[in-house]
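Here is a friendly walk through a structure, meant to be read with the sequence and the 3D view side by side.

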Amino acid sequence: MAFFMQQVVNALQRGSFYALIALGYSMVYGVLMLFNFAHGDVFMVGAYIGFFVSSGLLALSAVGFLSLPTGVTLALVLVLTLIISMLLNSVVGMLVERIGYRPLRGAPRASAAITGLMIGIILETSNLALLGAQRRSFPDLIPGETIHVLGVNITPKKIVIVAVSLLLMFGLHLFVRRTKWGMAMRAMAYDYVVVPLMGVSINTIALLTFGLGSALAAAAGILYGVAYPVLDPYMGVLFGWKAFVAAIVGGRGSVLGAGLAGFLLGFIEIFVAAFLPSTMRDLIAFSIILVILTFRPHGFFGEPYSAQLRL
Amino acid sequence: MTLLRVDDMTHWFGGLQAVSGYNVAIEPGQIRGLIGPNGAGKTTVFNLITGRYRPTEGHIFLDGQEITGLPPHKIASMGLGRTFQNLRLWRHMTVLEHVKMARYSKITYGLAGAFFGTARRNREEDDIETRARELLELVGAVDWADHIVTNLPYGMQRRVELARALAIQPKILFLDEPTAGMNPEELVQMMEIVRLVHEQLGLAIFLIEHRMKVVMDLCEVIQTLVFGQVIAEGTPDEIRNDPRVIEAYLGKEVMA
């Protein structure tokens, strides 16, 4: 039982990353009917931005810029890192939209897909060129002793990661449901032609959608860095693809689906690895996904031939 | 002063001249009709004026300001509302949300207001909702306000589209075949609603219609468009008896 619960905790953490990234894929698809294949690399850029912001903040506090108890400082650094990096990475996402996708509006779908892949490669290789091949180790922002609850090992890291992820997802839910921008995003998912007739610029909403998705990807990157403190320029590739698969399984354009499927993928991966050789993890996890898609080709919350953004 | 003026508008789709030398001047409060056989370019004229396409040549003025080539959202917010021939509603959104969406640019509360439900946000939302319900009342769809739009009968969906177009508070409303696909009963109701909207809100209306009865009953001035060119313009009576119009609709042999 304790072993089982331990896996649940691990799966929740892993699922958090997938869910946060998958949301970005799904939102963009819902609003613009295209998959931003650079999104995995936007996650990587977010992790790096988080690395530099947190290192910078820690350096500031080390020279006595802030004289607070260590715990408080670290918490403050984490919060500030999240906020600043999410803002900066949303600018990155908006640039990707503005430079990469806007000129292609109305172009064949394949052009946008190819552009996405190219932007991804540009982000990876420019990282490599600018920062070098050595891996960066993310500062430990959430130290603390492992807590034992009924034989389950829970680290403060895991609690914070899952909590922050859920909080951000709830925030996105409120945004989509309650703000005028969210309302415009939903309207665009159903029929974008009418949206300008309401006096709303499609380009603004497109930028906003990319910005939001990239902000969530930055949060995922930082939380990932906290959990597995090794960053490299290609970290976004496999992770991005997996989150993309989660977005498909959740149903293209469905925000709720992307979140749930992200967690589902986390659970499948962790439980496969718990009971079978870990080298078989991806093989089996994606075989399961394949079976799911055979029976639900549009994913859990997807509709045939149409995009939608639902929460 | 003329509310909408189009001077010498021409549009090419590649090698095809879809609209040629089109002119129109619509006065405030006027109802004007645009008729013509299928493929004459009526909807293209609408798409050009509303900014979906940019005209190859010509100038468009709304309320004295040139709007040629402006993006559709700018033109809309300057006071041009529009409905579509085939319904363009947002499946899975409620009727009320449709009308609220049209108030988008008027919403001033931001993130904090939306997330924490501040007093200002609630006041604004209440205000928007009251106005939205008033408009739905006007088109006779208020009973459906909280329903998902796809669950409404067809005629009701068209009314929602009309209410949504009205919610941006247009000075001029473009209706693209508002009675398309309606049964006779729905048609009569829709005509009544258009008349009522016109009386109550005093806006100008530019109407594309296929059914002669509708245009003849509603419009003060009618244009006939054939192959992208206006072949006749006048009062319903003049249009009804114009040999060129009859020819365009019925063919030459009938005339002989």
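How many bridges join E1(B) to E2(B), and do they run parallel or antiparallel? E1(B) and E2(B) are joined by 7 bridges and run antiparallel. Strands here (E, at least two residues) and helices (H or I, at least four residues) are DSSP runs, numbered from the N terminus.

A word on reading the model: it is predicted, so local features need pLDDT of at least 70 and side-chain atom pairs count only at pLDDT 80 or more, while totals for chains, interfaces and linings use all residues. Residues are numbered from 1 along each chain as its sequence is written, and chains are lettered from A and ligands numbered from 1 in the order in which they are written.

**The sheet of chain B**

The two strands belong to an open sheet of 4 strands in chain B, ordered E2-E1-E4-E5 with antiparallel pairing; strands pair if DSSP finds at least two bridges between them. At the edges, E2 (16–26) and E5 (65–66) of chain B each pair on one side only. Helix H1 (residues 42–49) of chain B packs on this sheet and touches E1, E2 and E4 of chain B. Contact means that C-beta atoms, placed from the backbone, lie within 7 Å.

Leu4(B) has Ile26(B) as its bridge partner in E2(B) and stands opposite Leu62(B) in E4(B). In the hairpin of E1(B) and E2(B), with 2 residues between the strands, Gly14(B) takes a positive phi near 60 degrees.

**Two contact sides**

Within chain B, the domain assignment (automatic or from a database) gives domain 1 (1–79 + 170–256) and domain 2 (90–169). Between them, 15 residues of domain 1 of chain B are in contact with 13 residues of domain 2 of chain B. H7(B) gives the most to the domain 1 side, with 8 residues.

The table sorts residues as nonpolar (Ala, Val, Leu, Ile, Met, Phe, Trp, Tyr, Cys and Pro), charged (Asp, Glu, Lys and Arg) or polar (the others, Gly among them).

| Domain 1 of chain B, touching domain 2 of chain B | 10 residues | 4 residues | 1 residue |

**Confidence in chain A**

Chain A averages a pLDDT of 90, where pLDDT is the predictor's confidence in each residue, from 0 to 100. Over residues 307–311 of chain A the pLDDT is below 50. Where pLDDT is low, the predicted coordinates should not be read in detail.

Note on methods
Two residues are in contact if their C-beta atoms, placed from the backbone, lie within 7 Å. Axes are lines fitted to C-alpha atoms, for helices over the stretch in contact, and angles run from 0 to 180 degrees between N-to-C directions.
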